[in-house]
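Please look over the sequence and the structure shown here, and then follow the explanation below.

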Amino acid sequence: MVQKSFRLQELAEALGAELRGDPDTAISGLATLQAAGPGQMSFLANPAYAKYLAQTKASAVIVSPANAADAPTNVLLLDNPYLGYARISHWFDAAPAPVVGIHPTAVVDPSATVADSACVGPHVVIEADAQIGDQVVIGAGCFIGARSRIGDQSVLRPRATLAHDVVLGQRCHILSGAVIGSDGFGFANERGVWHRIAQVGGVVLGDDVEIGANTTIDRGAVDDTVIGNGVKIDNLVQVAHNVRIGDHSAMAAKVGIAGSTKIGRHCVFGGAAGVAGHLEITDQVQLTGMTMVTGDIAEPGVYSSGTSADTNRQWRKNAVRFRQLDVLARRVKELEKKLEG
């Protein structure tokens, strides 16, 4: 692997950062404050790690002006150091460059349209009437279903699956094992026997959407499942049929959203949060980890449910008391009536 190296001045100009220190310092990698050594750059965004700043061996750090005095090395000053780190991380990405063209082992239907600038890897299958945009990268073993469309500069990592009639906007990033457009969980019951319902809708993803590894987004039962612009979804998330997720929302691993629920814009769901079906959640709602939502949320804010970990002994005591709450509430009401009398 060829190691990349950049002058600190070059990085500062790219970030629009104020540089304090030697502009000719060579930076060849990124690392945490604790692990960084000469030639590497680090950053401080979380106050919990401020204790490591004074002892860092990094050749440069990205910090806010408030922390600059504690840095023993060259600094790049930004109001949002984490955003600076995010932007500069791409300069050091060691992922192999894709090869333009269609690999000889790929199977592409003659009616499909593949841009000349696209990269189609080994053993990819592209079905009839699919459309692959400019500079799209499709990794090895991916499946692109009939009539699906992939917008310009989108990337599908190896073994991602797009079923038929799926639309991806521009610059989408789909990680390995993700399945977009799988059949929704739809069945009708007759006398205890389940009958499968055909899922005739599709899935539409906006621009700049990221879907994590082994996440599943089901196609609509009738209308489409819709994921808005800029949505970021982590690994192992389940999005059921006809769900709509508003622009720039984000969801951590193991979130589950049941069918026909509508999520607003700029929402953030913590890991393993669950949302029941046929609900509406307004814009700018944050669910902390493992929150279970069973009703509409009409007001922005932070919502939680469940209990945090405790010693087993204390948890058992609390579980007993929880079962006694109804009895205790009735006793309190009786006492209040007596006091009022």
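**A walk through the model**

Strand β30 (residues 244–245) pairs with strand β33 (residues 262–263) in the parallel sense, over two bridges. Strands here are DSSP runs (E, at least two residues), numbered from the N terminus, and two strands pair if DSSP finds at least two bridges between them. Within this pairing, Lys262 of β33 is the bridge partner of Arg244. This is a predicted model, in which local features need pLDDT of at least 70 and side-chain atom pairs count only at pLDDT 80 or more, while totals for chains, interfaces and linings use all residues. Residues are numbered from 1 along each chain as its sequence is written, and side-chain values use heavy atoms, with hydrogens and water left out.

The two strands belong to an open sheet of nine strands with parallel pairing, in the order β10-β13-β16-β19-β24-β27-β30-β33-β36. At the edges of this sheet stand β10 (113–114) and β36 (280–281), each with a single partner strand, so one side of each is left without a neighbour in the sheet.

Leaving aside residues up to four places away in sequence, Ile281 touches Lys262, Ile263, Gly264, Cys267, Phe269, Val275, Val293 and Ile297, where contact means heavy atoms within 4.5 Å. Ile281 and Ala298 are 17 residues apart along the chain, and their C-alpha atoms are separated by 6.2 Å.

In soluble globular proteins, nonpolar side chains tend to be buried together. The largest nonpolar core in this model has 49 residues, and those with the most contacts inside it are Ile126, Ile138, Ile245 and Phe269. Strands β19 (166–168), β24 (203–205) and β37 (285–287) each supply at least two residues of this core. A second, separate core has 14 residues, including Phe6, Leu8, Leu15 and Ala17. A nonpolar core is here a set of buried Ala, Val, Leu, Ile, Met, Phe, Trp, Tyr and Cys residues joined through side-chain atoms within 4.5 Å. Again not counting residues up to four places away in sequence, Ile126 touches Val107, Val108, Asp109, Ala112, Val114, Val120, Ile132, Ile138 and Ile144.

Cys119 is buried, with a relative accessible area of 6%, and Cys172 is buried at 1% relative accessibility.

Most residues other than glycine have a negative phi. Asn214, in the loop between β25 (210–211) and β26 (216–218), has a positive phi near 60° and is partly exposed, with a relative accessible area of 45%. His248, in the loop between β30 and β31 (250–251), has a positive phi of about 65° although it is not a glycine, and is partly exposed at 44% relative accessible area.

Finally, the domain assignment of the protein chain gives domain 1 (6–92), domain 2 (101–303) and domain 3 (313–340), with bounds that come from an automatic or database domain assignment. The C-alpha centres of domain 1 and domain 3 lie 55 Å apart.

Note on methods: Buried < 20%, exposed > 50% of the residue type's maximum accessible area, 1.4 Å probe, protein only. Helix = DSSP H or I, 4+ residues; strand = E, 2+ residues; numbered from the N terminus.
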